[in-house]
2 protein chains.
Amino acid sequence: MEGVTEQSKSALKKAEKQAKMAAEKAAKAAKNASKQANLPVVGGKKTDDIIGITVTKTDNFSQWYQEVVLKAEMVEYYQEISGFFVLRPISMYIWSTIRKWFQERIENLGVEEASFPMFLSAKSLEKEKDHVEGFAPELAWVTKAGDKDLEVPVAVRPTSEAVMYPYYAKWIRSHRDLPLRLNQWNSVVRWEAKQTTPFLRTREFLWQEGHTAHLNEELAGVEVLQILDWYAGIYEELLAVPVVKGRKTQNEKFAGGYYTTTVEGYIPSNGRGIQGGTSHCLGQNFSKMFDITVEDPANKGNHIHVWQNSWGLSTRVIGVMVMVHGDNKGLVLPPRIAKLQTILIPVGINKSTTPEARKQHEEQLLDIQHTLKKAGVRVDVDFRDGYTPAWKFNDWELKGVPLRIEFGPKDAANKVVSFARRDTGEKGTVALDELSTKIPELLETIQKDMYSKAETSFREHRLKITNWDEVLPALDNKNVVLIPFCGDGKCEDRIKELTTRVDEQPDVPENQKPPTMGMKSLCIPFEQPEGIVAGETECLNPECKGKADKWTMFGRSY
Amino acid sequence: MEGVTEQSKSALKKAEKQAKMAAEKAAKAAKNASKQANLPVVGGKKTDDIIGITVTKTDNFSQWYQEVVLKAEMVEYYQEISGFFVLRPISMYIWSTIRKWFQERIENLGVEEASFPMFLSAKSLEKEKDHVEGFAPELAWVTKAGDKDLEVPVAVRPTSEAVMYPYYAKWIRSHRDLPLRLNQWNSVVRWEAKQTTPFLRTREFLWQEGHTAHLNEELAGVEVLQILDWYAGIYEELLAVPVVKGRKTQNEKFAGGYYTTTVEGYIPSNGRGIQGGTSHCLGQNFSKMFDITVEDPANKGNHIHVWQNSWGLSTRVIGVMVMVHGDNKGLVLPPRIAKLQTILIPVGINKSTTPEARKQHEEQLLDIQHTLKKAGVRVDVDFRDGYTPAWKFNDWELKGVPLRIEFGPKDAANKVVSFARRDTGEKGTVALDELSTKIPELLETIQKDMYSKAETSFREHRLKITNWDEVLPALDNKNVVLIPFCGDGKCEDRIKELTTRVDEQPDVPENQKPPTMGMKSLCIPFEQPEGIVAGETECLNPECKGKADKWTMFGRSY
């Protein structure tokens with residue numbers, strides 16, 4: 001730099017400063033461009049490829065699931081506290097659709113809505129130790145308010161028996177107060193130590209909990225089954241997910257209850273069973289603990305403890321639905337619970353399209369949208385600038401919208417729209433003047449086809465097995481099994497041990513090994529296949545001498 | 001007992017034992033009879049008189065209120081933890097009616113439902129200290145899960161700004177993501193140190209909290225007012241409670257926000273104002289704290305902070321409704337939010353009625369019920385045995401059912417039903433063949449009349465005052481006042497001091513003294529009376545030199 005004049009030095013500095021400013025501006029512009037394109041900036045580059053699901057459902061099911069629920073904008077991981085999730089609008093749409101459907105039915109049954117406090121005192125927990133024991137390790141304890149210690153710590157409810165039943169004892173004064181049926185829609189907290197998974201296992205979840213009291217076992221039992229039917233209806237009619245209804249074994253029933261009925265689902269990708277919702281008859285166990293009695297109307301002067309039920313269904317249902325229907329492109333939503341059922345995408349517009357033609361095209365799209373809305377279809381038009389139709393297709397496929405409609409000048413000329421089904425990829429056209437009937441029909445067809453496909457898969461992977469040696473291969477082939485089982489708790493424990501694989505291949509990489517998880521009972525299905533002779537058929541456990549009088553469904557499970 | 005034979009001794013013992021058993025049996029029977037009759041046993045006696053409200057609304061308003069909400073079966077005090085309440089079905093019916101009404105409207109506006117976790121980490125609270133400061137003393141802290149201490153304690157949300165806005169920063173990437181409008185229906189916890197009151201001030205309460213982001217002030221402002229209109233609609237159209245819409249003063253606005261709009265109610269019994277629901281424009285305060293920006297579409301390259309609103313309405317609305325409409329007999333429910341709108345009571349049946357006549361009467365009642373149900377009326381028949389019609393009248397009046405219908409053999413002969421309105425006590429008849437039109441009309445009339453009565457009362461007790469000396473007498477006469485006010489915060493503080501009465505009568509019993517509470521501003525009503533000349537009219541505070549350009553509503557308040 002020697003010999004450089006002061007003037008040129010100054011010019012140089014100015015140039016440097018300008019260059020620096022230009023660089024900063026460019027960097028900012030790049031960031032904004034990326035922001036605008038909805039893409040994360042990774043090392044300063046646009047990463048278009050990150051948009052889709054990066055693994056297949058078959059290769060890495062667990063990662064696939066996490067990517068789907070995140071990228072389809074169903075949830076966010078709550079950064080602040082692990083094990084908690086934000087439920088975004090498309091999830092809440094599903095939950096509120098379920099809520100309306102179920103609420104309408106239980107209201108007609110005479111179930112009333114109530115809202116009990118979210119906290120339990122340490123004292124009230126002592127009253128029903130057996131029931132609480134299972135929840136104790138997962139209780140979240142509030143010990144301080146502001147900066148003052150509470151005199152008695154309070155726990156966030158993991159479920160509300162201990163909160164509600166003291167009031168049942170107060171309110172139920174006569175058999176005329178029966179049935180007492182209350183339900184609440186709320187969230188509960190179970191501070192799980194295990195790995196959490198969006199929807200399936202979370203430290204806080206939304207659910208409904210119904211708690212009812214009846215005069216006798218029979219009346220309680222009728223309700224247990226009615227509720228269970230509606231739980232099955234939520235899965236089958238709304239979520240297009242097949243379930244098997246049945247009764248839990250002694251080992252698997254609700255600890256404090258008399259018997260538990262359940263709807264059990266099946267995840268084809270890993271062959272695991274999953275509990276979908278439970279409707280319990282609590283018998284008189286809680287009414288004895290909480291002293292809930294009435295005078296027997298058939299035997300004056302004689303006091304009897306009421307019969308109680310409780311039943312709950314949670315946002316877990318959403319996770320089951322995602323696992324059953326999703327594919328390598330992302331989420332696949334059944335139309336009845338999709339917030340957006342149909343996305344309309346403009347195609348065939350390019351630089352040579354005149355402004356008038358563009359405007360006409362836009363108006364035609366809005367007309368189509370209007371027609372569909374009037375027909376009751378939840379529909380939107382994707383007018384976003386700067387994205388190719390192909391990019392939009394991928395985006396909406398990722399988000400699981402059941403039906404895509406494409407519309408361009410050619411379609412306009414032919415007076416049709418072109419469509420693509422999300423579930424099957426099937427394409428076709430529908431005449432413009434038939435939109436208001438054909439599109440709703442098509443959506444219903446998609447709903448039914450999705451259910452049929454899942455139902456076939458579950459049916460084909462529910463194997464009746466009468467030879468013990470076939471059990472483990474069946475599980476490895478992603479089946480659940482129906483086996484003759486004696487019902488004994490210890491026998492069930494032993495079956496789990498016998499089907500738990502010890503690691504025989506220490507050198508094989510983890511993801512190439514068969515699963516080691518043992519099987520447990522899922523339910524004793526109400527619908528029993530033939531083939532069991534009571535008092536004769538033997539329990540399938542080779543070590544068991546017991547007789548089986550029911551087929552019991554076993555499987556690896558969530 | 002000398003000379004008594006062994007035999008007679010034994011007989012005596014036996015007799016004693018029998019007598020004891022008989023006494024026990026009698027005591028038990030008495031308890032059961034009481035239980036059956038729904039009456040508390042006090043010292044072994046039935047206490048029919050406890051059923052009604054034991055004080056008048058005028059004499060002891062606070063006890064009156066507590067008795068009404070308890071005895072009308074709206075709430076239970078939660079015995080385990082003070083400051084918490086159980087909301088029973090008639091309360092939840094009101095809340096879910098409000099929920100449906102409001103949800104439908106915000107959905108049409110494009111507000112989506114979401115569900116964020118109930119906990120906040122200590123860390124996230126630090127980010128927005130100013131906002132949080134007000135809530136800090138009321139935060140419930142979870143410090144333990146099971147028997148393990150949490151590494152970082154978490155607080156139960158008192159409101160969700162700090163939970164939600166980090167995600168707004170993540171989701172809002174472009175102006176095309178605006179408006180972002182989310183709402184959640186949940187419960188929040190504020191561990192109040194002050195005396196709690198059912199509905200009005202409770203440590204946990206149900207509410208909805210809407211949080212939205214917009215491109216600019218104008219768009220945000222339109223929404224603020226739209227929501228406020230709907231809040232007014234909830235009060236006026238559903239709860240039959242008049243409110244005044246307006247803007248909060250600087251002193252009374254939401255601490256973290258830009259401006260606050262509010263609907264203000266009025267409790268005639270004590271002349272106090274009560275805040276009914278608030279719709280805030282947060283301005284850019286939170287978007288700056290949480291770095292929520294978009295590129296300005298009108299000025300590329302330039303990033304702007306979004307404009308945010310938040311708005312919330314809680315179960316407090318139910319308490320206001322109870323206070324406004326209730327009377328010395330108990331609750332009075334407006335028909336639109338009454339779970340039970342009409343109660344049908346059999347009358348004129350006595351010991352001489354033949355079984356056939358009884359049966360016919362019963363069938364006629366069921367027919368009437370059926371007709372009314374078909375006409376959309378929520379109606380029940382009180383067939384309870386062992387209670388006089390008069391007892392039933394009292395019971396349903398206590399519970400606030402808007403319309404009582406009596407029906408007996410005389411009515412049957414005249415082909416009419418007799419009715420009594422809960423709100424006015426007015427009686428009349430309706431022809432049987434006009435039930436399906438006249439009863440729904442009558443219910444709508446009751447709804448409107450209840451609103452008119454309350455509206456008149458509020459209007460007559462909202463006094464325009466331009467003479468400082470009239471302020472305190474106006475407050476003592478259970479008015480709120482409209483005064484010219486400069487808007488200054490310190491002046492407002494001083495007005496409160498000046499209207500706070502020092503105890504001048506130490507010998508007068510507490511309940512006979514005028515209230516000492518000073519007045520604060522309720523709102524600057526949107527609807528301004530005439531009479532203020534901007535730049536001329538002086539602030540009413542005699543110590544203030546400022547000019548007033550608005551009438552401001554002040555009052556003693558909740």
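Over all chains, the count comes to 60 salt bridges. Keep in mind that this is a predicted model.

Start with one inside chain A. Select K71(A) and E67(A). They form a salt bridge, and their closest N and O atoms are 3.4 Å apart. Now show helix α2 of chain A, residues 61-71. Why can these two side chains pair up along the helix? K71(A) and E67(A) are 4 residues apart in α2, so about one helical turn separates them.

## Where the chains meet

Next, colour chain A and chain B separately. How many residues does each chain bring to the contact? Chain B gives 68 residues, and chain A gives 68 residues. The size of an interface is often given as the accessible area lost when the parts come together. Here chain B and chain A bury about 6,100 Å² between them. Of that area, 53% is on carbon and sulfur atoms.

Look for the charged pairs here. Between chain B and chain A there are 4 salt bridges. Select K170(A) and E76(B) to see a salt bridge with its closest N and O atoms 2.8 Å apart. Polar contacts also cross the interface of chain B and chain A: 25 residue pairs, both residues at pLDDT 80 or more.

Stay on the side of chain B that touches chain A. Select strand β7 of chain B, residues 140-145. This strand supplies the largest share of that side, 6 residues. By type, the side of chain B that touches chain A holds 36 nonpolar, 16 polar and 16 charged residues.

## Two helices in chain B

Select helix α3 of chain B, residues 89-109, and helix α9 of chain B, residues 316-325. Their axes lie 10 Å apart, and the helices pack at an angle of about 115 degrees. The crossing of α3(B) and α9(B) is right-handed.

Show side chains next. Which residues meet between α3(B) and α9(B)? From α3(B) come S91(B), I94(B), W95(B) and I98(B). From α9(B) come V317(B), I318(B) and M321(B). This contact of α3(B) with α9(B) has 6 nonpolar residues, 1 polar and no charged.

## Backbone stops

Last, look at the backbone. Most residues other than glycine have a negative phi, and most peptide bonds are trans.

- Bring chain A back and select L178(A) and P179(A). The peptide bond between them is cis, with omega near -10 degrees. P179(A) sits in the loop between α6 (161-171) and β9 (180-189) of chain A.
- Go to L178(B) and P179(B). A cis peptide bond joins them, with omega about -10 degrees. P179(B) is in the loop between α6 (161-171) and β9 (180-189) of chain B.
- Finish at K478(A). This residue is not a glycine, yet its phi is positive, about 65 degrees. Find K478(A) in the loop between α14 (471-476) and β23 (480-485) of chain A.

Note on methods. Residues are numbered from 1 along each chain as its sequence is written. Chains are lettered from A and ligands numbered from 1 in the order in which they are written. This is a predicted model: local features need pLDDT of at least 70, side-chain atom pairs count only at pLDDT 80 or more; totals for chains, interfaces and linings use all residues. Side-chain values use heavy atoms; hydrogens and water are left out. Axes are lines fitted to C-alpha atoms, for helices over the stretch in contact, and angles run from 0 to 180 degrees between N-to-C directions. A crossing is left-handed if the near helix is turned anticlockwise from the far one by less than a right angle, and right-handed if clockwise. Contact means heavy atoms within 4.5 Å. Ala, Val, Leu, Ile, Met, Phe, Trp, Tyr, Cys and Pro count as nonpolar, Asp, Glu, Lys and Arg as charged, and the others, Gly among them, as polar. Buried area is the accessible area (1.4 Å probe) that two parts lose on being put together, summed over both. A salt bridge is a side-chain nitrogen of Lys or Arg within 4 Å of a carboxyl oxygen of Asp or Glu. A polar contact is a pair of N or O atoms within 3.5 Å; within protein, one must be able to donate a hydrogen and the other to accept it, and residues adjacent in sequence count only if both atoms are side-chain atoms.
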